[in-house]
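Reader: Could you walk me through how to read a ligand site and the sheet beside it?

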Amino acid sequence: MKRKWIIRAVLILAAAVALFVSARILLWRSKKTTVTDPEYVLFYAENQTADYPTTLGAQKFADLVYERTGGRIKILVRYDAELGSESEVIKQMMYGGIAFARVSLSQLAEYVPEMNVLQMPYIYSSSEHMWRVLDGSIGDEFLLKTRDYGLVGLSWYDAGARNFYSTEPIKCLEDLEGMVIRVQESDVMADMVSALKATPVKIVYSDVYSAIERGIVDGAENNWPSYEAMNHYNVAGFYTIDEHTRVPELQICSKAVWDKLDESDRRVLEQCARESAVYQRQLWQEREKSSRKIAESAGVTVIELSKDEKMRFRDAMSSVYTKYCGDRMDLLNTIIEY
Ligand code: GCU
């Protein structure tokens with residue numbers, strides 16, 4: 001009798017343990033599929049530093065997408081050009097090797113030549129002017145145009161105005177003559193510098209500091225935040241404000257990746273990219289000011305070109321307009337007057 005009771009107790013205990021274990025497994029699995037198990041893990045390439053406005057915008061995009069897909073799409077932002085130079089990244093994206101990136105339009109236009117018209121020198125009178133163009137139907141059409149080249153344009157990020165900086169002051173057109181100036185890996189930028197009678201050298205962004213330091217170039221051109229974030233102000237102490245270009249940035253997705261996603265996920269990506277752009281543009285305003293302050297307090301000499309001198313720089317651009325927009329002069333003029 002006693003033995004029977006012992007056997008019953010052991011069986012009840014075993015059943016309770018089995019029930020407890022299977023309940024834990026079920027709980028663990030359901031947690032795993034709803035929260036911690038992404039369906040897609042996708043890389044995002046960025047060539048700026050961790051605290052740069054475009055990198056913070058990228059992280060905002062990744063966080064929004066994760067939240068709105070309930071953790072199904074996880075985007076890993078890799079900054080400091082860890083995934084390669086902009087040009088290498090764009091090429092890989094065309095085949096689906098990297099899912100997302102933020103790139104400078106100058107670099108993208110090397111692969112999507114229609115974009116060149118948006119980066120012609122001296123065409124925007126102000127930041128507001130450029131945003132009227134990009135936030136309107138012209139900007140939307142250009143985002144769509146990327147699809148012909150294996151990419152999907154998602155949103156526009158701000159990169160302010162670009163100016164020259166150098167080891168010797170540039171106060172007028174003649175000062176540029178004979179100088180060696182670093183440009184992006186972009187034909188338009190190289191031709192612009194040649195039209196100003198300086199010699200352009202194409203150098204990847206991450207190598208600009210050492211090229212100036214070693215005297216390979218006399219200077220470069222970029223916006224305030226890049227000049228400061230990459231410490232170029234330590235090796236090129238004269239910054240000439242001529243605002244020759246406003247080159248916006250784009251958030252792009254690889255079309256090979258895009259085509260695998262369903263329609264609702266694509267809408268989420270588009271919406272999150274646009275929201276991250278609003279955030280990035282706010283950060284940009286603040287960073288432009290703080291970067292200038294940092295450079296000025298480090299002793300940088302800021303040179304403001306007079307209106308007349310700026311006009312001389314602009315007048316030198318007609319050959320660039322004809323070469324890159326000869327067959328699109330109507331569009332160029334529409335943009336200038338927008
Ligand atoms: C800007 C832009 C970068 C680009 C760089 C350059 O800083 O944000 O994406 O690489 O210009 O001059 O190469």
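**Ligand and sheet**

Author: For Ser226, a polar side-chain atom lies 2.6 Å from a ligand oxygen. This is a predicted model, where local features need pLDDT of at least 70, side-chain atom pairs count only at pLDDT 80 or more, and totals for chains, interfaces and linings use all residues. Residues are numbered from 1 along each chain as its sequence is written, and side-chain values use heavy atoms, leaving out hydrogens and water.

Reader: Which residues are around the ligand?

Author: A residue counts as near if one of its heavy atoms lies within 4 Å. Here they are Asn47, Gln48, Glu86, Arg102, Ser104, Arg162, Arg182, Gln184, Tyr205, Asn222, Ser226 and Glu249.

Reader: Why does the ligand lie between domain 1 and domain 2?

Author: Domain bounds come from an automatic or database assignment. Domain 1 (38-159 + 248-286) and domain 2 (162-246 + 290-337) both give residues to the shell, so the ligand lies between them.

Reader: And how do strands S3 and S10 pair?

Author: Strands are DSSP runs (E, at least two residues), numbered from the N terminus, and two pair if DSSP finds at least two bridges between them. S3 (residues 100-104) and S10 (residues 249-254) are antiparallel, over five bridges. Arg102 has Gln251 in S10 as its bridge partner. Five strands make an open, mixed sheet, ordered S2-S1-S3-S10-S4.

Note on methods. A polar contact is a pair of N or O atoms within 3.5 Å; within protein, one must be able to donate a hydrogen and the other to accept it, and residues adjacent in sequence count only if both atoms are side-chain atoms. Helices (H or I, at least four residues) and strands (E, at least two) are DSSP runs, numbered from the N terminus.
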